[in-house]
Amino acid sequence: MRRALAALVLVLWAAAPASGGPLVVVTTSTDLRALVEAIGGDQVRAESLAAPAQDPHAIDLKPGQIARLKTADLLVRIGLDHEPWLTRALRTAGDPRLVPGSPHVLDTSRNIALLQTETPRLRESAAPHVHGYGNPHYWLDPENARPMTAEILESIVRLAPGARATLEANRQRFLGRLDSSLNGWLRTMAPHRGTRVVVVHDSWPYFARRFGLVVVATVEATPGVPPAPSVLASLPQRMREAGVALLIAEPYSNESVVRQIASRSGARAVTLATSVGADPEAADYLALFDVNIRRLTAALGAR
Ligand SMILES: [Zn+2]
């Protein structure tokens, strides 16, 4: 009995964060940070490498941020080819704990039913590209917070086993709020189901599927590559013919491109928040959807 207890203590000691304080979690996005905070509560101290209104595929990390990676107990990432910059940063950091499969790294894409997995990966092309393994913007379907938070919980508990009960209670509370918010969002969006939209970057397939929008075209023909002049010339006319009501832009979209397409197509441009914090009111994961549903219904109502 005493030996079993000693072994247990040893296991707990090995799993606990070295500092004895909250677990230090570094995430690649503010959305992941928000989910980690919702589940981890005061058991974690989380920070995001990317700022909220930046293009998430193209982040320039500062040397201080790369150094911070090495102090992380846990790194949480979107995965797929969403963060090509992280691969470079991890190579620079050279921390042997931060490798795929390690208990110190969580890729939240593992249990997500991905969309667009048939997209051919453009290995032969010299052009930059993302979305080669399926669409990585899956956090924009609030239902995906369910598998994501399940993975986050298990990853934190693996490093801090004593925290399981607290984290499970946190998650149940979070999912309860998510469910009631989602019912409200779906009700609000119900009259707009089937609305045809064009998006600048292909950030919205999960969001569109959940809330009944139909994405008929993307301004970027190849994700992450600015549109060719021929696309800019022909798209507005095609949008008119297809009865497209809305052009959805990201906070980091090229404003003059957005203005040009909107004015020539007659569609209304709306910028949605792609990540927590991209709008001051989008202060946490649920508020991100509150803000976006409000902006969408305002834009659709003003047609
Ligand atoms: Zn993307």
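Predicted model: local features only at pLDDT ≥ 70, side-chain atom pairs only at ≥ 80, totals over all residues.
Is histidine 201 buried or exposed?

1. Histidine 201 is buried, because its relative accessibility is 5% and the cut-off for a buried residue is under 20%. Histidine 57 is likewise buried, with a relative accessible area of 8%.

2. Both residues belong to the zinc site. The zinc ion has His57, His131, His137 and His201 as its protein donors, each through its NE2 atom, at 1.9 to 2.0 Å. The angles among the 4 donor atoms run from 104 to 114°, and the site is tetrahedral.

3. Along the sequence, the donor residues follow the spacing H-x73-H-x5-H-x63-H. Histidine 57 sits in the loop that joins strand 2 (44–48) to helix 3 (63–69), while histidine 201 sits in the loop between strand 5 (196–199) and helix 7 (205–211); the pair therefore ties together parts that lie 144 residues apart in sequence.

4. The structure contains 1 cavity of 30 Å³ or more, and the volume of the largest cavity is about 60 Å³.

5. Which residues line the largest cavity? The lining consists of Ser29, Thr30, Ala50, Ala51, Pro52, Gln54, Pro56, Trp139, Tyr252, Thr274 and Ser275. Classified by type, 6 of the lining residues are nonpolar and 5 are polar, with no charged residues.

Definitions and conventions. Residues numbered from 1 in each chain as written. Heavy atoms only, no water. Donors = N, O, S within 2.8 Å, 3.2 Å for Na, K, Ca; no water. Tetrahedral: all angles 85-135°; square planar, octahedral: opposite > 155°, others 65-115°. Helix = DSSP H or I, 4+ residues; strand = E, 2+ residues; numbered from the N terminus. Buried < 20%, exposed > 50% of the residue type's maximum accessible area, 1.4 Å probe, protein only. 1 Å grid on protein atoms, 1.4 Å probe; cavity = no way out; pocket = protein on both sides within 12 Å on 5 of 7 lines; lining within 4 Å. Points joined across faces, edges and corners; volume = space filled by probe spheres on them. Nonpolar A, V, L, I, M, F, W, Y, C, P; charged D, E, K, R; others polar.
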